[in-house]
Each structure stands twice: as structure tokens, then as C-alpha cells.
Amino acid sequence: MRKLVLYIGLAILLSNCKGEQQIAIEASNVFSDKGVEIPVYDFENFEHLLNIDDGKTRVINFWATWCKPCVAELPYFELINSRYPNKEVEVILVSLDLPNHVESKLIPFVKKQRIQSKIVLLDDPDANNWIPKVNENWSGSIPATIIYKGNTSNFYERSFTYDELERELKKIL
């Protein structure tokens, strides 16, 4: 009888996994206005987004509304987001805007530009500590992008055209 209960419990547990990796990260705050939600993370909680191994390819772009080259390339990330199925590629736009500018600048910008990609705010003042954890060669300038799947990861400290971004994405896919 114990073996039967054990087997049933194991079967239920395994059937709920379906190969998906669930990682819960806790936002320190969530800004929500005009239909836009932006969770805020310190680096300790954000870092999990850099290491998810669930079969998806992730395109993580560090940007800010005040960064002209960042804003210029955002439409290319949006095209990637719309042209690749959600289960295959996930675009995450990591805003480095100041938290006190989220409601006055970031949310209106996101709304005006009709950005559909996932947006998070990284609010961790100890940049000298977390920047090398993202990539040891990163000087800290933006835009910067990581494209990864599993253990394969490429880091770019530069802006992209759409064709360049898609070419780099296809190297990982």
C-alpha cells in the first residue's frame, strides 16, 4: 500500500512538471498605471532571470528612456518579440531608469511606444557590484544585451539594427 501511495504521489509530481522550470522572483515594488505594470527588482532577485534553463531563448536588453541609442533600437526588440512565438523566445527589457521617474517618464514612454515586451526595472545602486556579475567585460554602458539559452550565452555592449539582432539571435536558436 505504501508503494502504491508513493508511486501515485511521484506520478502526480512528475506530471505537473512538464519540463517547465518555475522560478519565483520577488519584486520589491510594482508600478502600475495606464495598463502598464513594471516590477522593480534589486540585483539579487533579478539575477535569476539571467540563468533560467527551460528551453527558451532569452533576449535581455539593458536600456533607459534617457539613452538615445537605447530608444532607437527598442523597435527591433519589439519586432523580435512579435515575430518569435512566446514559447521559443522571451524578450525582457531591463530599464535602468531611476525609480522616481517610473511614473513620470517610463510608464508614459512605454504606453506611447506601445511596448509589448516584458519590462522590469532594475533598482540596485551598487552597480560596481552587479555589473560584473552580468558580464565580467561589461563597462556598464548601455545599451547592452544578453542573448542566452541554457548554458550558451552571448553578451553585447552595443546597439543593434534589426538584421544584426536577428542574426545574433539565430546563433543561439
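Two strands count as paired if DSSP finds at least two bridges between them. Keep that rule in mind for this predicted model.

**The sheet**

Strand β1 and strand β2 (residues 36–41) are joined by 5 bridges, and they run antiparallel. One of the contacts can be named: Ser 32 has Glu 37 in β2 as its bridge partner.

These two strands belong to an open sheet of 7 strands. The order is β1-β2-β5-β4-β3-β6-β7, and the pairing is mixed. Which strands form the edges? They are β1 (29–33) and β7 (152–156), and each pairs on one side only. On average, neighbouring strands are turned by 20° against each other, direction ignored.

Helix α4 (residues 102–113) packs on this sheet. Helix α4 touches β1, β2, β3, β4 and β5. Its direction makes about 130° with that of β2.

| Element touched by α4 | Residues |
|---|---|
| β3 | 57–63 |
| β4 | 89–95 |
| β5 | 118–122 |

**Helix α6 and its two faces**

Now turn to helix α6 (residues 162–172). Its buried residues are Tyr 162, Leu 165, Glu 166, Glu 168, Leu 169 and Ile 172. Seen down the axis of α6, the buried residues fall within an arc of 160°, so they line one face of the helix. The face turned away from this buried side carries the exposed residues Asp 163, Lys 170 and Lys 171.

What do the buried residues of α6 pack against? They pack against β3, α3 (68–83), β4, β6 (144–149) and β7.

**Where α3 meets α6**

Two packed helices are described by the angle between their axes and the distance between the axes. The axes of α3 and α6 come within 9 Å and cross at roughly 50°. That makes α3 oblique to α6. The crossing is right-handed.

Which residues meet here? From α3 come Tyr 76, Phe 77, Leu 79, Ile 80 and Arg 83. From α6 come Tyr 162, Leu 165, Glu 166 and Leu 169.

**Two backbone exceptions**

Most residues other than glycine have a negative phi, and most peptide bonds are trans. Arg 114 has a positive phi of about 55°, although it is not a glycine. Arg 114 sits in the loop between α4 and β5. Is Arg 114 buried or exposed? Arg 114 is exposed, because its relative accessible area is 66% and the cut-off for exposed is over 50%.

The peptide bond from Ile 142 to Pro 143 is cis, with omega near 5°. Pro 143 is found in the loop between α5 (127–134) and β6.

Terms used
Residues numbered from 1 in each chain as written. Predicted model: local features only at pLDDT ≥ 70, side-chain atom pairs only at ≥ 80, totals over all residues. Heavy atoms only, no water. Helix = DSSP H or I, 4+ residues; strand = E, 2+ residues; numbered from the N terminus. Axes fitted to C-alpha atoms, helices over the stretch in contact; angles between N-to-C directions. Contact = heavy atoms within 4.5 Å. Buried < 20%, exposed > 50% of the residue type's maximum accessible area, 1.4 Å probe, protein only. Arc of directions from axis to C-beta. Parallel < 35°, antiparallel > 145°, perpendicular 65-115°, else oblique. Left-handed = near helix turned anticlockwise from the far one by under 90°.
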